[in-house]
Amino acid sequence: MANSKTQIFNIALNILGISNPIENTNITDNRAILLNNYYKIARDYVLKDYDWNFASTFKQLSLFNSNLNQSNFKYCYNYPNDCICARDIFEKDNFQLQKFEISSVESGEKVILTDTNEAILRYTRRIDKEIYFTSEFSMALSYYLASLTSNVLTGSIQKGEIAYDKYLKILKRAKMLNAAEGADYIYEDNTYLDSRG
């Protein structure tokens, strides 16, 4: 079953001991209004809090049209609009990790500084469609959302603290599940695979 914003809101309410669900996130119910107020910030926070596989992407950066005299780096690149967190910079030709720094220019725009020409950024991108969330991310987001809204929804700071502690535990478990996907080595001996044919 696909994740939905309404489902995430209702799980957050359940975490706080509120069993009466909301039917959709667009209603004028005070609970929905409050959860909507926090939702985007909470989603982006949880995305940034860990290097989630489902939100990881690569992009060749474009040069920023400005000279930063105060910079110790040779190149200044535009910060992608959908970037939640810059994770790694690679050199295009050899894919070796490079040093980089996040800064801003006088106009306030965020930029990426590095010594690499034709830099490729690996980053966590903003995912705003819940259908793409993994179940671990949805649960982590629900607990974090519950921690932010508990005082107003229930009058209990303690429930928020409990929800936040649970968020950290779910995040730890999600990291293990996230790390289990993919392979960092290739088996040379295909005897097992051959025997199945």
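This is a predicted model: local features need pLDDT of at least 70, side-chain atom pairs count only at pLDDT 80 or more; totals for chains, interfaces and linings use all residues.
User: What span should helix α4 have, and what is the distance between its end C-alpha atoms?

Analyst: At 1.5 Å a residue, the 23 residues of α4 (residues 157-179) should span 33 Å. The end C-alpha atoms of α4 are 33 Å apart, which agrees.

User: Which residues of α4 are buried, and what covers them?

Analyst: An α-helix has 3.6 residues a turn, so residues three or four places apart point the same way. In α4 the buried residues are Gly 160, Ala 163, Tyr 167, Ile 170, Leu 171, Ala 174 and Asn 178. Their cover includes α1 (5-15), α2 (30-49) and α3 (135-154).

User: How many residues does the largest nonpolar core have, and which have the most contacts inside it?

Analyst: In soluble globular proteins, nonpolar side chains tend to be buried together. Here the largest nonpolar core has 33 residues, and those with the most contacts inside it are Val 46, Trp 52, Phe 54, Phe 133, Phe 137, Leu 141 and Leu 145. At least two residues of this core come from each of α1, α2, β3 (83-91), α3 and α4. The most come from α3, which gives seven.

User: Leaving aside neighbours within four places in sequence, what is Trp 52 in contact with?

Analyst: With those neighbours left aside, the contacts of Trp 52 are Val 46, Leu 47, Glu 136, Phe 137, Ala 140, Leu 171, Ala 174 and Asn 178. A second, separate core has ten residues, among them Cys 83, Ala 119, Leu 121 and Tyr 123.

User: How many aromatic pairs are there, and why is the pair of Phe 54 and Phe 137 edge-to-face?

Analyst: The count comes to 15 aromatic pairs. Planes over 60 degrees apart count as edge-to-face. The rings of Phe 54 and Phe 137 have planes at 65 degrees and centres 5.2 Å apart, so the pair is edge-to-face. Because Phe 54 lies in the loop between α2 and β1 (56-60) and Phe 137 in helix α3, the pair ties together parts that are 83 residues apart in sequence. Phe 54 counts as buried at 18% relative accessibility, and Phe 137 counts as buried at 0%.

User: Where do Phe 58 and Phe 90 lie, and how is their pair classed?

Analyst: With ring centres 6.1 Å apart and planes at 40 degrees, Phe 58 and Phe 90 form a tilted pair. Phe 58 lies in strand β1 and Phe 90 in strand β3, so the pair ties together parts 32 residues apart in sequence. Phe 58 is partly exposed at 46% relative accessibility, whereas Phe 90 is buried at 10%.

Key:
Residues are numbered from 1 along each chain as its sequence is written. Side-chain values use heavy atoms; hydrogens and water are left out. Helices (H or I, at least four residues) and strands (E, at least two) are DSSP runs, numbered from the N terminus. The expected span of a helix is 1.5 Å times one less than its number of residues. Buried means under 20% relative accessible area, exposed over 50%, partly exposed in between (1.4 Å probe, protein chains only). Contact means heavy atoms within 4.5 Å. A nonpolar core is a set of buried Ala, Val, Leu, Ile, Met, Phe, Trp, Tyr and Cys residues joined through side-chain atoms within 4.5 Å. Rings of Phe, Tyr and Trp (its six-membered ring) pair if their centres lie within 6.5 Å; planes under 30 degrees apart count as stacked, over 60 as edge-to-face and the rest as tilted.
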